[in-house]
Amino acid sequence: MKRRELFLLPGLLLAASPSKVLRGKLLAGKKLEVGGRIYALDSDKPVGLVLDDERLIDSELEVQGEPAGDGKFKIDEIHTSPLYVYVKGERLGVSYWCDICYIRTYTPGKCVCCQEYTRLDPKDPNTPDRKP
Ligand SMILES: [Zn+2]
């Protein structure tokens with residue numbers, strides 16, 4: 001499915017994706033503060049690693065998923081790119097970059113190639129990676 005094109009057609013967006021969006025400030029302990037209300041975030045393990053990334057704590061984050069009742073929100077799986085961070089007003093996908101190997105990953109940690117700790121590198125999903 002060409003997801004990109006669907007986003008350009010708001011009328012089709014709801015039909016194509018039932019996911020809801022929550023936007024607020026990421027707090028330590030996998031919580032999101034939205035307009036004074038605190039949501040407990042549930043997710044798969046890779047998304048959880050991002051939520052625990054101290055470099056993102058206090059950032060303005062947008063998460064996609066489903067309300068799970070009682071102030072809980074279940075974030076979609078990592079392969080659907082459910083995490084965005086606002087940097088100076090710009091909505092960027094949360095991702096990580098190894099400056100040595102030019103490898104992009106979507107969870108924090110060591111580069112699979114050189115074992116260096118990857119750099120947090122929020123990125124517009126439409127911008128291609130630079131080539132080595
Ligand atoms: Zn590397």
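Donors are N, O and S atoms within 2.8 Å of the metal (3.2 Å for Na, K and Ca); water is not among the atoms, so sites may look incomplete.

The structure is a predicted model, in which local features need pLDDT of at least 70 and side-chain atom pairs count only at pLDDT 80 or more, while totals for chains, interfaces and linings use all residues. Residues are numbered from 1 along each chain as its sequence is written, and side-chain values use heavy atoms, with hydrogens and water left out.

**Exercise 1. Identify the protein donors of the zinc ion and assign the geometry of its site.**

Step 1. The protein donors are the SG atoms of Cys98, Cys101, Cys111 and Cys114, lying 2.3 Å from the zinc ion.

Step 2. The angles among the four donor atoms are 103 to 116°. Four donors count as tetrahedral if all angles lie between 85 and 135 degrees; four count as square planar and six as octahedral if opposite donors are over 155 degrees apart and all others between 65 and 115; anything else is irregular. The site of the zinc ion is tetrahedral.

Step 3. The spacing of the donor residues in sequence is C-x2-C-x9-C-x2-C. Cys101 lies in the loop between strand 8 and strand 9 and Cys114 in the loop between strand 9 and strand 10, so this pair ties together parts that are 13 residues apart in sequence. Strands (E, at least two residues) and helices (H or I, at least four) are DSSP runs, numbered from the N terminus.

**Exercise 2. Determine how many disulfides a search of the whole structure finds, and classify Cys111 as buried or exposed.**

Step 1. A disulfide is a covalent bond between the sulfur atoms of two cysteines. The criterion applied is a pair of cysteine sulfur atoms within 2.5 Å.

Step 2. For Cys113, the closest cysteine sulfur is that of Cys101, at 3.6 Å, which is too far for a bond. The search of the whole structure returns zero disulfides.

Step 3. Buried means under 20% relative accessible area, exposed over 50%, and partly exposed in between (1.4 Å probe, protein chains only). Cys111 has a value of 2% and is therefore buried. Cys114, at 27%, is partly exposed, whereas Cys113, at 51%, is exposed.

**Exercise 3. Describe the pairings of strand 4 with strand 1, strand 6 and strand 5, and the place of Val63 in the largest nonpolar core.**

Step 1. Strand 4 runs antiparallel to strand 1, joined by six bridges, and Arg23 stands opposite Glu62 of strand 4. Four bridges pair strand 4 with strand 6, again antiparallel; here Glu60 is partnered by Tyr86 of strand 6.

Step 2. Strand 4 and strand 5 are antiparallel and share three bridges. They form a hairpin with four residues between them, and Gly69 in the turn has a positive phi of about 80°.

Step 3. A nonpolar core is a set of buried Ala, Val, Leu, Ile, Met, Phe, Trp, Tyr and Cys residues joined through side-chain atoms within 4.5 Å. The largest has 18 residues, and Val63 and Val94 have the most contacts inside it. Helix 3 gives the largest share of this core, three residues.

Step 4. Contact means heavy atoms within 4.5 Å. Not counting residues up to four places away in sequence, Val63 touches residues including Val21, Leu41, Phe73 and Leu83.

How values were computed:
Two strands pair if DSSP finds at least two bridges between them.
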